[in-house]
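Student: I would like to go through this model by question and answer. Please show it first.

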Amino acid sequence: MNKDAVILIAEDDPGHVELVKKNLWRSCVENDILQFRNGQEILDFLFRRDDTAKHGEKGCYLLLLDIRMPKIDGQEVLRRIKEDEELKKMPVIILTTTDEAIEVDRFYEMGCSFYIVKPADYTKFMEAVENLGAFLSLEGVRVPVVDGVGVC
Amino acid sequence: MNKEGVILIAEDDEGHFELIKRSLQRAGVCNEILRFADGQETLDFLFVRGDGPTREHDKEYLLLLDIRMPKIDGMEVLEKVKNDPELKKIPVVMLTTTDDPRTIDRCHKLGCSIYIVKPVEYQDFAEAVRKVGLLLSVVEVPQIDGMLKKKGVL
């Protein structure tokens, strides 16, 4: 993935955010990472409702989305993203502790790119994020520009 | 991805297919792998028609999809899959030589999971697919026409 693309993490657990960031870096992901503590914050950023948000004019984004979050949960966030003609292009990877088949089914139906269950075991969680990072750091992965036609 | 899940590879170039298969296996992916040489074969399998092999119920599938293929190209396959209420759940990874921004934009609009441009160098290509394999080993994939649907839970 080109370095211009920005990785967004919507996750209310600060410990998980740090672990994800650390292990993405370990697998040579050099992209900027922005974090959001709940569904409201990420939607404000994406829909530019927050004056302080550093939303670029034309950005390439990829979102790592937790499901259980305060205020607005991940399901509602995904629904609003995939209903928007431009934002729907953004790859959304679900990263959650919920491993019920019905949830996996529902999120793919709604248009998530991938659904990853956070392993309860710390080492396995690190490995899973490293695998994700190895994939995201691939030069060939192309993410489209939101609000325009182009790629990162 | 569950061990019972099947990886579908739509790829007209046999050399590329072999390389993809070997590289996935090198990443520890031991799922069944099926190849389709063009878009028509892929759609026949997924939409259960024609004389060839067709998909089964209760199974998990993930599709690696090339774009330039004879008969029906990958973009059309993607569009048909993502317009079907059940098949749309299948994660589709575009794996192609096409690096055109409009194509990339269109595929993401249609609902591909991710778009990967095949590296030109053999070693880089193999390494890229190995990393796709590492990702596949940690993702969950939904069943198509599975028990949840039959029971009316979904």
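Student: Among contacts in chain A between residues at least 6 apart in sequence, what share joins residues at least 24 apart?
Tutor: This is a predicted model, where local features need pLDDT of at least 70, side-chain atom pairs count only at pLDDT 80 or more, and totals for chains, interfaces and linings use all residues. Residues are numbered from 1 along each chain as its sequence is written, while chains are lettered from A and ligands numbered from 1 in the order in which they are written. Two residues are in contact if their C-beta atoms, placed from the backbone, lie within 7 Å. For chain A, the share asked for is 69%.

Student: Which pattern does chain A follow along the sequence?
Tutor: Helices (H or I, at least four residues) and strands (E, at least two) are DSSP runs, numbered from the N terminus. Chain A has five helices and seven strands. Read in order, they give β-α-β-α-β-α-β-α-β-α-β-β.

Student: What is the radius of gyration of chain A, and why does it count as being as compact as a globular protein of that length?
Tutor: The radius is taken over C-alpha atoms, and the globule rule is 2.2 Å times the number of residues to the power 0.38. For 152 residues the rule gives 15 Å, and the chain comes close to that, so it is as compact as a globular protein of that length. The C-alpha trace spans about 40 × 30 × 30 Å along its principal axes. The radius of gyration itself is 14 Å.

Student: Is A:Gly74 buried or exposed?
Tutor: A residue is buried if 20 or more other C-beta atoms lie within 10 Å of its own, exposed if 12 or fewer, and partly exposed in between, with C-beta atoms placed from the backbone. A:Gly74 lies in helix H3 (residues 74-83) of chain A. Its contacts beyond four places in sequence include A:Gly39, A:Leu65 and A:Ile94. With 26 other C-beta atoms within 10 Å, A:Gly74 is buried.

Student: And A:Lys71, is that buried or exposed?
Tutor: A:Lys71 sits in the loop between strand E3 (59-65) and H3 of chain A. Its phi is near 65 degrees, a positive value in a residue other than glycine. It has 12 other C-beta atoms within 10 Å, so A:Lys71 is exposed.

Student: What is phi of A:Asp147 near?
Tutor: A:Asp147 lies in the segment after strand E7 (145-146) of chain A. With 14 other C-beta atoms within 10 Å, A:Asp147 is partly exposed. Its phi is positive, in a residue other than glycine, and is near 70 degrees.

Student: Which element gives the most to the side of chain A that touches chain B?
Tutor: Across the two chains, 29 residues of chain A are in contact with 30 residues of chain B. Elements giving two or more residues to that side of chain A include strand E5 (114-117) and helix H5 (122-136) of chain A. The most, six residues, comes from H4(A).

Student: At what angle do helix H1 (residues 14-26) and helix H5 (residues 122-136) of chain B pack?
Tutor: Axes are lines fitted to C-alpha atoms, for helices over the stretch in contact, and angles run from 0 to 180 degrees between N-to-C directions. The axes of H1(B) and H5(B) are 8 Å apart. The angle is about 50 degrees.
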